[in-house]
Amino acid sequence: SNDKIKIYNWALPFEDETYQYFAFVQIKIDKDEYKIVELIDKSSDLKKPEFQTLTDKTWYGALYYAIIFDKKLGNDTYTLLGWDGDYNLTNKKIIDVMTVSKSGAIKFGSSVFKMEKKIQKRVIFTYSETAVMSLKYDAKQQLIVFDYLVPTSSNLEGVFEYYGPALNRFDGFVVNKNKW
């Protein structure tokens, strides 16, 4: 990344196998000045989060494991890869975008994910608790690579407890014209 931000992030698991996420974002405002912003997990209250712009107070909680900085998306824009334990039958992987203003205000979600038929503000993959889904950034090729998810049988379309990776197919996002 460009050393402007650091994210301190952790999860609290509950007995019902759901999670609550916590995070602080440290933003370098100036040479010696830092701002700390607490993120408040509101993911359980959000409807259609793929299309919402969120703030530090309405964050779609996740455990981030990669921060991608690509100048082509903007100097204050960071793409985040995260994991969400969802609930006892499914897990989620999330690609989100965080924008940081000069004063250190944070916004999540940006219309930069060009899908087949629509543009989304974040991408959420839901899959079986027993599957392992790969979602990672290939820095050399500047590409987000991920498993293509399919149900174990065609009549389970949309029942995400039965989704897992198709072993012979991968998908990806590459930056083109300020979009993934």
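This is a predicted model: local features need pLDDT of at least 70, side-chain atom pairs count only at pLDDT 80 or more; totals for chains, interfaces and linings use all residues.
Me: How many residues line the largest pocket, and which lie nearest its centre?

Reply: The lining of the largest pocket has 27 residues. Nearest the centre are Met115, Gln120, Val123, Ile124 and Phe125.

Me: Which strands supply at least two residues of that lining?

Reply: β11 (123-128), β13 and β14 (163-174) each do. The most comes from β13, which gives six residues.

Me: How does the lining of the largest pocket divide into nonpolar, polar and charged?

Reply: There are 14 nonpolar residues, three polar and ten charged.

Me: And the second largest pocket, what volume?

Reply: The second largest pocket has about 240 Å³. It is lined by 14 residues, and Tyr19, Ser43, Ser44, Asp84 and Asp86 are the closest to its centre. Two or more lining residues come from each of β2 and β6 (77-87).

Me: How does the lining of the second largest pocket divide?

Reply: Into six nonpolar, four polar and four charged residues.

Me: Since β2 came up, what is the strand order in the sheet of β1, β2 and β3?

Reply: The order is β1-β2-β3 in an open sheet of three strands, and the pairing is antiparallel. β1 and β3 (34-40) are the edge strands; each has a single partner strand, so one side of each lacks a neighbour in the sheet. On average, neighbouring strands here are turned by 15° against each other, direction ignored.

Me: How many bridges join β1 and β2?

Reply: Nine bridges, in the antiparallel sense.

Me: Which residues of the largest nonpolar core touch the most other members?

Reply: Val25, Leu39, Met98, Ile106 and Phe108, out of 22 residues in that core. Elements giving two or more residues to this core are β1, β2, β3, β6, β7 (90-100) and β8 (106-108). β2 gives the most to this core, with four residues.

Me: Backbone next. What is the phi of Glu17?

Reply: Glu17 has a positive phi, near 70°, and is not a glycine. Most residues other than glycine have a negative phi.

Me: Where is Glu17?

Reply: Glu17 lies in the loop between β1 (5-13) and β2 (19-28).

Me: Why is Glu17 classed as partly exposed?

Reply: Because the relative accessible area of Glu17 is 41%, and partly exposed covers the range between the 20% limit for buried and the 50% limit for exposed.

Me: What about Gln142, which phi does that residue have?

Reply: A positive phi of about 50°, again in a residue that is not a glycine. Gln142 is in the loop between β12 (135-138) and β13 (143-151). The relative accessible area of Gln142 is 37%, so this residue is partly exposed.

Me: What do β12 and β13 form, and how many residues are between them?

Reply: β12 and β13 form a hairpin with four residues between them, and Gln142 is in the turn. The two strands pair in the antiparallel sense over four bridges.

Me: Which residue in β13 does Leu135 stand opposite?

Reply: Leu135 faces Phe146 across that pair. β13 is also the strand that gives six residues to the lining of the largest pocket.

How values were computed. Residues are numbered from 1 along each chain as its sequence is written. Side-chain values use heavy atoms; hydrogens and water are left out. Buried means under 20% relative accessible area, exposed over 50%, partly exposed in between (1.4 Å probe, protein chains only). Two strands pair if DSSP finds at least two bridges between them. Axes are lines fitted to C-alpha atoms, for helices over the stretch in contact, and angles run from 0 to 180 degrees between N-to-C directions. On a 1 Å grid over the protein atoms alone, a cavity is a set of points where a 1.4 Å probe fits but cannot get out, and a pocket is an open set with protein on both sides within 12 Å along at least five of seven lines; lining residues have an atom within 4 Å of a point. Ala, Val, Leu, Ile, Met, Phe, Trp, Tyr, Cys and Pro count as nonpolar, Asp, Glu, Lys and Arg as charged, and the others, Gly among them, as polar. Grid points are joined across faces, edges and corners, and a volume is the space filled by probe spheres set on the points. A nonpolar core is a set of buried Ala, Val, Leu, Ile, Met, Phe, Trp, Tyr and Cys residues joined through side-chain atoms within 4.5 Å.
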